[in-house]
Amino acid sequence: MESTRRFGKYRVEREVLDEERLEEVTQRKTYSDTHPSLTERLKDSLRCTVPRLKQSVMSSLPVLYWLPKYPVWDYGMPDLVAGISVGIMHLPQGMAYALLASLPPVFGLYTSLYPALIYFFFGTSRHISIGTFTILSIMVGSVTERVAPDGDFLKSNGTNITAEVDITARDLYRVQVAAATTVLGGLIQVVLGLVKFGFVGTYLSEPVVRAYTSAAAAHAVVAQLKYIFGVSPTRYNGPLTLVYTLKDVCSLLPQTHLPTLVVSAVSMAFLIAAKEVNSFLSPKLPVPIPVELITIVAGTLISSYANLNSNYTISVVGKIPSGLIPPSVPDVNLFQKVIGDAFALAIVGYAISISLGKTFALKHGYKVDSNQELVALGLSNTVGGFFQCYSVGPSMSRSLIQETTGGKTQMAGVASALIVLVTILKLGPLFQDLPKAILASIVFVNLRGMFKQYSDIVTLWKSSKIDLVVWLVTWVSSLLLNLDLGLAASITFALLTVIFRTQLPTYSVLGNVPGTELYVDIDTHREAKEIPGVTIFRSSATVYFANADLYLEALKEKSGLDISKMIIYKKRQEAKQKRRQKRAERRVKRQAKRERRAQKAAKQDTCMDEDVTDKEEQGCTERENGTVFVIPTTTTTPTPDSHCRWEYLKGGDPDCTSLGCMSDLQDGDTTTLGSSSEDTLSRDLERVSLGSLGKWSWDIHSIIIDLSTANFIDTVAIKTMKNIFQDFSEIDVDIYMAGCQASVVEQLELGGFFSESITKRRLFASVHDAVLYCLDHRGATSIPIYEPSVDTKL
């Protein structure tokens with residue numbers, strides 16, 4: 001259909017495209033062309049070619065892609081310097097974070113060694129440093145303390161059970177629990193990566209992750225208080241563990257071990273001061289000062305020469321075995337006890353890894369494969385679990401050091417692993433006299449950055465109240481329910497907010513921006529002009545089963561048409577017409593009999609009959625919920641060409657049942673001797689077309705539904721759309737849809753939406769095309785709609 005219009009200086013001359021015409025012009029592919037059958041897809045997946053095999057191997061082992069082209073002279077020295085710097089950080093963090101996992105410090109060193117080597121072969125990020133991580137260490141610690149509490153390892157002497165805990169047996173069992181949890185979590189990550197489930201990390205939004213890490217930092221602080229104050233609180237498990245532990249520590253504060261508190265205070269003061277100096281001098285320093293390593297070395301030397309453990313009973317790290325331990329198979333019987341924790345560790349570890357990896361990839365211009373990252377992290381955990389490691393992830397602090405000191409590839413990770421290896425083989429026993437209070441102080445100071453995240457509350461209050469609620473719910477649930485249940489509750493709540501927001505979207509009526517083909521909300525844009533006779537309706541969210549009913553109600557409200565009432569009223573009027581037809585037929589029969597007796601008398605009797613009937617049908621108002629439909633009176637006999645409209649009144653006294661004496665028969669229910677009952681019914685039905693029901697002036701003849709915001713449509717929404725077409729057709733309103741994406745059109749086809757009454761000519765490529773068609777179809781060529789054109793004449 002060609003449309004040519006001139007409005008002021010604008011002239012438009014182009015074809016209005018509905019869906020059928022658009023498919024002809026663009027030659028859209030069929031569903032079978034774009035969606036191969038299952039057999040075809042299976043054959044294609046099993047087809048093996050040399051390029052495909054090479055691509056599969058390269059994607060599975062990314063190291064084969066970049067290592068043969070590794071520029072030694074350009075990247076060798078920066079990677080070595082970065083690796084040494086990161087390796088030095090691995091030593092204090094590995095031992096300190098092992099305490100968070102309730103494991104001996106040497107297992108933190110193991111965790112800094114094996115996973116980094118595995119990630120070297122399978123990872124796609126060039127800058128993240130895999131190893132111990134605060135949040136994951138805390139989560140592992142909650143598992144080990146729950147499955148292997150101190151109460152299960154009290155020493156017994158014959159029939160007497162002492163209050164002393166068998167630390168050796170407890171730690172060995174906790175290592176088994178941590179290894180089993182790590183292997184199971186790694187297997188979950190590998191499986192998810194192989195089935196291309198890498199997008200699972202996207203369900204952890206930024207407010208969820210930041211609130212979760214803030215709550216985890218609080219757990220870490222409370223867990224280290226016993227080392228800071230030198231007290232021994234009771235270990236708790238399950239919900240409210242944080243509250244019970246904090247209450248117990250506060251009750252034990254009078255029993256604080258003063259030498260331990262002094263060591264903690266001095267260590268924290270030195271670390272904070274040194275880090276401030278480090279950040280002040282960082283622009284001038286090629287390599288950051290290894291503050292944590294200096295603290296550990298100085299603390300170990302002072303503790304060794306001053307005999308802090310024997311003279312002041314300060315708790316120290318204890319025996320650190322030298323050398324590597326052989327791999328062992330984890331206890332599979334523990335899997336059922338830790339499967340929930342393993343899944344939480346898998347999701348949290350991956351979410352942190354992919355977010356950090358993508359940050360560095362965007363900065364340095366390369367791509368990180370989310371599914372391969374999931375596989376790489378899973379293999380790092382799985383293989384590491386066989387070597388008594390616990391769950392690993394990338395550390396923000398170490399990754400920043402690796403990137404800022406010039407690291408280019410994961411060769412820096414290999415160099416840092418070599419530093420850890422030398423420490424395990426030769427230097428480990430030297431740290432046996434290191435006070436645990438120093439390691440706890442390192443954890444305290446390193447958590448400063450996470451506590452700065454509480455400023456998110458102010459930021460989110462200004463930007464998004466819903467995200468603020470998500471942040472607070474995540475933080476509270478993670479604090480009170482522990483990290484595993486808290487994560488599940490947080491994700492569930494975050495998804496519910498998405499559902500609620502899509503279930504309660506913003507509905508709007510669009511108007512034209514003069515001089516353009518743009519259509520915007522008339523409530524928010526003053527210059528937007530509503531198209532006379534056309535209502536353009538849009539929802540801000542996709543229509544689906546959860547909001548389909550609300551969508552229909554909003555359409556009724558925005559259009560001003562109460563379809564249900566109007567259809568009911570129409571059916572009542574049609575029933576009245578049928579009753580009138582029957583009465584007319586009876587009157588004709590009676591009149592024929594009377595003509596045989598006395599034609600003149602019969603006419604007088606018939607008139608009296610009609611007057612009585614008219615009086616019986618007076619009163620005449622229909623009222624529902626404060627809405628009154630009144631048939632206007634007329635003093636003349638209507639003709640088929642006469643213009644008779646229904647009058648739509650709103651409000652009134654709800655207790656009133658009539659508005660006076662208006663006769664339903666005055667709309668043309670007067671039958672003469674020469675009239676036909678069929679003609680009477682035809683005229684009456686024509687007047688009951690509800691052309692004026694619904695609005696005060698009833699100027700709507702078309703409704704355009706803008707579906708440009710919909711990215712899918714389900715069966716419930718398809719049925720709702722069908723009902724909309726059918727219901728509005730009952731009141732002579734044309735329904736059109738515009739802006740449907742190709743995928744939505746395909747889903748409409750598969751859902752059986754189109755039929756003889758609803759064809760693709762009801763779908764238009766844009767709202768503007770639909771508007772032009774409506775105006776031309778209804779003969780409203782004089783409507784002042786503004787349309788731009790490349791052919792502009794002043």
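Begin by selecting Ser416, which touches Gly83, Val86, Gly87 and His90 when residues up to four places away in sequence are not counted, a contact being heavy atoms within 4.5 Å. The model is predicted, so local features need pLDDT of at least 70 and side-chain atom pairs count only at pLDDT 80 or more, while totals for chains, interfaces and linings use all residues. Residues are numbered from 1 along each chain as its sequence is written, and side-chain values use heavy atoms, with hydrogens and water left out.

Ser416 has its place in helix α19; helices here are DSSP runs of H or I with at least four residues, strands are runs of E with at least two, and both are numbered from the N terminus. With a relative accessible area of 2%, Ser416 is buried, where buried means under 20% relative accessible area, exposed over 50%, and partly exposed in between, with a 1.4 Å probe and protein chains only.

**The whole chain**

Zoom out before going on: the chain has 31 helices and 15 strands, and 47% of its 794 residues count as buried. Its accessible surface comes to about 39300 Å², of which 60% belongs to carbon and sulfur atoms, as computed by the Shrake-Rupley method with a 1.4 Å probe. Among the contacts in the chain with a separation of 6 or more, 80% are between residues 24 or more positions apart.

**Helix α8 and its cover**

Next select α8, where Tyr114, Pro115, Ala116, Ile118, Tyr119 and Phe120 are buried.

Two packed helices are described by the angle between their axes and the distance between the axes. The axes of α8 (residues 114–122) and α17 (residues 370–386) come within 8 Å and cross at roughly 150°; axes are lines fitted to C-alpha atoms, for helices over the stretch in contact, and angles run from 0 to 180 degrees between N-to-C directions. That angle makes α8 roughly antiparallel to α17, since angles over 145 degrees count as roughly antiparallel, those under 35 as roughly parallel, 65 to 115 as roughly perpendicular and the rest as oblique.

By class, the contact of α8 with α17 has seven nonpolar, two polar and one charged residues, with Ala, Val, Leu, Ile, Met, Phe, Trp, Tyr, Cys and Pro counted as nonpolar, Asp, Glu, Lys and Arg as charged, and the others, Gly among them, as polar.

**Helices α23 and α24**

Move on to α23 (residues 465–480) and α24 (residues 482–503), which pack at an angle of about 160° with their axes 7 Å apart. That makes α23 roughly antiparallel to α24, and α23 passes α24 in a right-handed crossing. The residues of this contact divide into ten nonpolar, seven polar and two charged; those in α23 include Val469, Val470 and Val473, and those in α24 include Ala489, Phe493 and Arg501.

From here, select Ala344 in helix α16 (residues 335–364), whose C-alpha atom is separated by 7.9 Å from that of Ala488, 144 residues apart along the chain. At 6% relative accessibility, Ala344 counts as buried, and, leaving aside neighbours within four places in sequence, Ala344 is in contact with Met139 and Leu487.

**Helices α25 and α29**

Select α25 (residues 548–559) together with α29 (residues 715–730), which pack at an angle of about 30° with their axes 9 Å apart. That makes α25 roughly parallel to α29, and the crossing is right-handed. Ala548, Tyr551, Leu552, Leu555 and Ser559 in α25 meet Val716, Thr720, Met721, Ile724 and Phe728 in α29, a contact of eight nonpolar, two polar and no charged residues.

**Two loop residues**

Finish with Lys196, in the loop between α10 (167–194) and α11 (206–229), which has a positive phi of about 60° although it is not a glycine and counts as exposed at 57% relative accessibility. Leu240, in the loop between α11 and α12 (241–251), has a positive phi of about 65° although it is not a glycine, and is partly exposed, with a relative accessible area of 33%.

Definitions and conventions. A crossing is left-handed if the near helix is turned anticlockwise from the far one by less than a right angle, and right-handed if clockwise.
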